[in-house]
Amino acid sequence: MLDWFKSFICGRKQFVKVENSVSDTINLLIGVPQGSVLGPILFLVYINSLLKQSFDGSITVFADDAAFSYCGKNANENYIKMKNDIELIRKWFYTHKLTISQKTKSMVFSFSTNEELIDVEQIKTLIFHSAKCSNLSLNNNGSTSLLNCCDSQCFTIELVKEFKYLGLIIDMFLNWKAHINLLISYFHKAIRQLFELKKYCSVALLRVVYFALFNSKMQYGLKCWGGTNKTNVNPLLIAQNILLELF
């Protein structure tokens, strides 16, 4: 079995061609072929040990997307947990010859709907230093600065109020307004497009288009955002009813 996998992975080469210019050919020592059947399976086997690390936070992984969640008594406690996990992630990535995406974000969740009640000043800046960075020591206040970064892969983990993750726009208050507004914009486009298609297509074909392109978007992640209050959902229901009247 190992020889079979070895024959699939080893001996691969690559080069770059730009118009009529071709680079030298190099041997590929790491990675799996994209677009292959075995590629995703081998990648999951490769990354699976990440889940076995002793993280302070709870990790959720979907393919190459990983998310960490933390719950503590205060912001400082969560900050310490995140710093410890970043150190583990740094070591694991370096050992496995991977790099963390600089699109990584952090978010504070709150049950309060008043943004002013969240003390942003208490939320310290998180900085990811690459394994090659020689300035990993902390300052007196327990935080680091981008001025201490010595490698191009060091970056600040931005604190955001909302973020699109796996097709869902998650906001810090978990009211799902941003995601619902995105769905409403989809339905407004659908109303215009299906109104024009109605001139040329049968009702049966319009239904196929609706379920394929628009209803599927509304059904996606419904178990997550569908529990929001009626005030947030009503505009979406109105847009959907207008759309259905075309049938």
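**Labels and their grounds**

Modeller: Glu19 sits in the loop between strand 2 (17-18) and strand 3 (21-22). Keep in mind that this is a predicted model.

Biologist: Why is Glu19 called exposed?

Modeller: The cut-off for exposed is over 50% relative accessible area. Glu19 has 71% relative accessibility, so Glu19 counts as exposed.

Biologist: What is noted about the phi of Glu19?

Modeller: Glu19 is not a glycine, yet its phi is positive, at about 55°. Most residues other than glycine have a negative phi.

Biologist: Where is Leu166, and what is its phi?

Modeller: Leu166 belongs to the loop between strand 10 (162-165) and strand 11 (168-171). Leu166 is not a glycine either, and its phi is positive, about 55°.

Biologist: What makes Leu166 partly exposed?

Modeller: Partly exposed covers what lies between buried, under 20%, and exposed, over 50%. Leu166 has a relative accessibility of 32%, so it counts as partly exposed.

Biologist: Why does Thr104 count as partly exposed?

Modeller: The reasoning uses the cut-offs of 20% and 50%. Thr104 has 25% relative accessibility and therefore counts as partly exposed. This residue lies in the loop between helix 3 (75-95) and strand 7 (105-106).

Biologist: What does Thr104 touch, leaving out residues up to four places away in sequence?

Modeller: Thr104 touches Phe155, Ile157 and Glu158 on that basis. Between Thr104 and Phe155 there are 51 residues of sequence separation and a C-alpha to C-alpha distance of 9.4 Å. A polar atom of the Thr104 side chain also lies 2.6 Å from the backbone oxygen of Ser101.

Biologist: Why is Ser106 called buried?

Modeller: Buried means under 20%. The relative accessible area of Ser106 is 15%, so Ser106 is buried. Ser106 is part of strand 7, and beyond four places away in sequence it touches Ile157, Glu158, Leu159 and Val160.

Biologist: What makes Thr228 buried?

Modeller: Thr228 has a relative accessible area of 14%, which is under 20%, so it is buried. Its place is in the loop between helix 6 (222-225) and helix 7 (230-244).

Biologist: Which backbone oxygen does the side chain of Thr228 reach?

Modeller: The Thr228 side chain reaches the backbone oxygen of Asn175 at 3.0 Å. Not counting residues up to four places away in sequence, Thr228 touches Asn175, Trp176, Ile180 and Val233.

Biologist: Why is helix 4 called roughly antiparallel to helix 5?

Modeller: The axes of helix 4 (residues 177-197) and helix 5 (residues 203-219) come within 10 Å and cross at roughly 175°. Angles over 145 degrees count as roughly antiparallel, so helix 4 is roughly antiparallel to helix 5.

Biologist: Which residues make the contact?

Modeller: Helix 4 contributes Leu183, Tyr186, Phe187, Ala190, Gln193, Leu194 and Leu197. Helix 5 contributes Leu206, Val209, Tyr210, Phe214, Lys217 and Met218. The residues of this contact divide into 11 nonpolar, 1 polar and 1 charged.

Biologist: What are the totals for the chain?

Modeller: The chain has 7 helices and 11 strands, and buried residues make up 28% of its 247 residues. Of the contacts with a separation of 6 or more, 59% are between residues 24 or more positions apart. The accessible surface comes to about 17200 Å², with 57% belonging to carbon and sulfur atoms.

Terms used
Residues numbered from 1 in each chain as written. Predicted model: local features only at pLDDT ≥ 70, side-chain atom pairs only at ≥ 80, totals over all residues. Heavy atoms only, no water. Helix = DSSP H or I, 4+ residues; strand = E, 2+ residues; numbered from the N terminus. Buried < 20%, exposed > 50% of the residue type's maximum accessible area, 1.4 Å probe, protein only. Contact = heavy atoms within 4.5 Å. Polar contact = N/O pair within 3.5 Å; in protein donor to acceptor, adjacent residues only side chain to side chain. Areas by Shrake-Rupley, 256 points an atom, 1.4 Å probe, with all protein chains shown as cover. Axes fitted to C-alpha atoms, helices over the stretch in contact; angles between N-to-C directions. Parallel < 35°, antiparallel > 145°, perpendicular 65-115°, else oblique. Nonpolar A, V, L, I, M, F, W, Y, C, P; charged D, E, K, R; others polar.
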